[in-house]
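Here are my notes, in numbered points, to read alongside the model. Have it open and follow along residue by residue.

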Amino acid sequence: MAMSGDTYLRSLLLKYSVDADGAETAGVKLNPTIARWSNGNLSRAYFSGSLAKGTWISLGTDADVFLSLSSVTPGTLSHMYESLFQSLTADGYVSRRQNVSIGVRIDGFSIDLVPGKRQSHYGNVHSLYRSKADSWTQTDVNSHISTVKGCGRIEEIRVLKIWKYRHGLSFSSFFLELAVIEALKHRPRENLANNVWAVLEHLRDRIQSARYVAPANTNNIVSDDCTVAEKATITRGWNKSQNATAF
């Protein structure tokens with residue numbers, strides 16, 4: 001008997017699950033480097049991204065660590081970002097520059113470090129350097145976490161992240177999370193396969209015009225970070241996925 005679409009997709013979720021404890025342990029090993037880099041300006045380092053949201057899969061980043069620097073940290077945002085890369089490299093880590101993060105591999109895990117500077121002494125609003133645009137953006141990571149964690153669409157998000165990586169698509173996980181939430185806002189919380197297909201159709205039909213806004217900053221248009229070329233790859237990925245099990 002052929003398995004149902006829901007059963008198949010949940011088998012993928014099991015196949016690509018993450019050792020969350022191992023990822024956290026690997027991330028903690030970076031603390032000495034982070035401490036030296038911050039030079040006493042680190043307010044807090046905490047796990048964000050997929051670990052905090054519950055959307056992790058083994059094909060992507062295993063853990064994101066948000067590095068909250070004091071509002072009085074000296075230097076520019078670009079220096080904050082570049083000096084983190086240099087510190088990690090100096091300590092022997094093979095590092096890669098990404099849009100707002102520095103990625104490293106440690107103990108077989110992929111860890112992304114996201115440096116941010118608090119905009120005031122209190123609160124969770126931070127300024128981040130955007131290396132793709134050589135610019136900056138404002139964000140509230142805690143708001144992002146709560147938006148996704150409480151959306152009731154975690155399974156669909158994880159499945160679509162698997163789809164993204166298996167098709168070699170390049171766009172941010174937060175863009176995908178907001179797309180899933182938007183596409184499913186009027187749909188029931190059952191029928192995983194049908195909901196995943198609805199998201200794929202949403203991406204097919206609206207990818208060029210969709211406008212996804214960060215929940216804590218209406219000036220941060222997350223969809224603008226997805227280039228025309230990246231949006232074209234999403235369309236090609238859809239063309240290869242003509243049913244709910246073509247992942």
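1. Start with Asp 107, which sits in the loop between β4 (102-106) and β5. The phi of Asp 107 is near 55 degrees, a positive value in a residue other than glycine. Asn 39 also has a phi near 55 degrees, again positive and not in a glycine. You'll find Asn 39 in the loop between α3 (31-38) and β1 (42-48).

2. A word on what you're looking at: this is a predicted model, where local features need pLDDT of at least 70 and side-chain atom pairs count only at pLDDT 80 or more, while totals for chains, interfaces and linings use all residues. Residues are numbered from 1 along each chain as its sequence is written, and side-chain values use heavy atoms, with hydrogens and water left out.

3. Overall, the chain has ten helices and nine strands. Of its 247 residues, 51% are buried. Buried means under 20% relative accessible area, exposed means over 50%, and partly exposed is in between (1.4 Å probe, protein chains only). Among contacts with a separation of 6 or more, 64% join residues 24 or more positions apart; a contact means heavy atoms within 4.5 Å.

4. Which residues are closest to the centre of the largest pocket? Its volume is about 1100 Å³, and of the 41 lining residues, Asp 64, Val 100, Ser 172, Ser 173 and Phe 174 are closest to the centre. For the record, a pocket is an open set of points on a 1 Å grid over the protein atoms alone, where a 1.4 Å probe fits and protein lies on both sides within 12 Å along at least five of seven lines; lining residues have an atom within 4 Å of a point. Points are joined across faces, edges and corners, and the volume is the space filled by probe spheres set on them.

5. Helix α8 gives the largest share of that pocket lining, four residues. Other elements supplying at least two residues each include β2 (63-69), β5 (109-118) and α6 (141-149). The lining divides into 14 nonpolar, 16 polar and eleven charged residues (Ala, Val, Leu, Ile, Met, Phe, Trp, Tyr, Cys and Pro count as nonpolar, Asp, Glu, Lys and Arg as charged, and the others, Gly among them, as polar).

6. Now the largest nonpolar core: among its 34 residues, Leu 9, Leu 160, Val 180, Val 196 and Val 199 touch the most other members. A nonpolar core is a set of buried Ala, Val, Leu, Ile, Met, Phe, Trp, Tyr and Cys residues joined through side-chain atoms within 4.5 Å. Helices α1 (5-15), α7, α8 and α9 (192-206) each supply at least two residues of this core. Apart from it lies another core, of 25 residues, including Trp 37 and Val 65.

7. Ile 145, in helix α6, counts as buried because its relative accessible area is 13%. Beyond its neighbours within four places in sequence, Ile 145 is in contact with Ser 48, Ala 52 and Lys 53. Gln 86, in helix α5 (residues 77-90), is partly exposed at 40%.
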